[in-house]
Amino acid sequence: MPLEHIEILSSEEVRRTVNRLASQIVERSGDLSKLVLLGIYTRGVPLANVLADQIDLLENVSVPLGAIDITFYRDDLDTIGVRTPEKTNIPFDLTGKTVVLVDDVIYKGRTIRAALDAVNDYGRPEVIRLAVLVDRGHRELPIHADFIGKQLPTAKEEMIKVYLQATDGRDGVELVKG
């Protein structure tokens with residue numbers, strides 16, 4: 001049986017969702033000079049870039065950007081398989097900062113738990129928040145996102161596929177049923 005792809009967010013809806021997320025991040029962050037965005041590989045990195053661009057448009061503030069690879073911080077490497085790690089790039093100290101972790105989809109919470117462990121190797125932030133484009137539910141850990149683009153309850157066998165212009169040549173979100 002072929003996989004069924006159902007559009008959840010169109011390109012225009014992704015744009016509006018990112019704009020809303022950027023506005024919410026600005027509103028909750030207070031002192032923007034302390035704000036940094038950390039994209040989680042893979043699609044959290046280009047999403048963080050888009051959010052930073054939107055914050056710059058809204059507030060005329062360049063938010064420092066970093067990229068974090070959580071591969072070796074995961075507790076489920078045996079089930080997902082070891083992949084070639086990306087390069088973590090955090091060219092600033094996180095101590096005293098408002099860190100917003102950015103990822104495309106939150107599911108079980110394990111990626112975010114690993115990201116929290118990784119962040120501790122780069123300083124002690126004042127606060128850590130989480131921004132995601134899609135929250136699909138099914139948490140195994142007590143982790144929630146502070147900024148959610150779309151809440152989308154799914155069945156465990158379903159998948160969410162996020163497309164971003166920088167990596168895929170288009171923006172969109174699909175539910176994949178099989």
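**Reading helix 1**

Analyst: Helix 1 has as its buried residues Val 14, Thr 17, Val 18, Leu 21, Ala 22, Ile 25, Val 26 and Ser 29, where buried means under 20% relative accessible area, exposed over 50% and partly exposed in between (1.4 Å probe, protein chains only). Helices (H or I, at least four residues) and strands (E, at least two) are DSSP runs, numbered from the N terminus. This is a predicted model, in which local features need pLDDT of at least 70 and side-chain atom pairs count only at pLDDT 80 or more, while totals for chains, interfaces and linings use all residues. Residues are numbered from 1 along each chain as its sequence is written, and side-chain values use heavy atoms, with hydrogens and water left out.

User: How is the packing of helix 1 against helix 2 described, and at what angle do their axes cross?

Analyst: Two packed helices are described by the angle between their axes and the distance between the axes. Here the axes of helix 1 and helix 2 (residues 44-59) come within 9 Å and cross at roughly 65°, the axes being lines fitted to C-alpha atoms over the stretch in contact, with angles from 0 to 180 degrees between N-to-C directions. Helix 1 is therefore roughly perpendicular to helix 2, a label for 65 to 115 degrees, whereas under 35 counts as roughly parallel, over 145 as roughly antiparallel and the rest as oblique. Contact (heavy atoms within 4.5 Å) involves residues including Val 18 and Leu 21 of helix 1 and Leu 47 and Val 50 of helix 2.

User: Where does Asn 60 lie?

Analyst: Asn 60 lies in the loop between helix 2 and strand 3 (65-68), and has a positive phi of about 55° although it is not a glycine. Asn 60 is exposed, with a relative accessible area of 69%.
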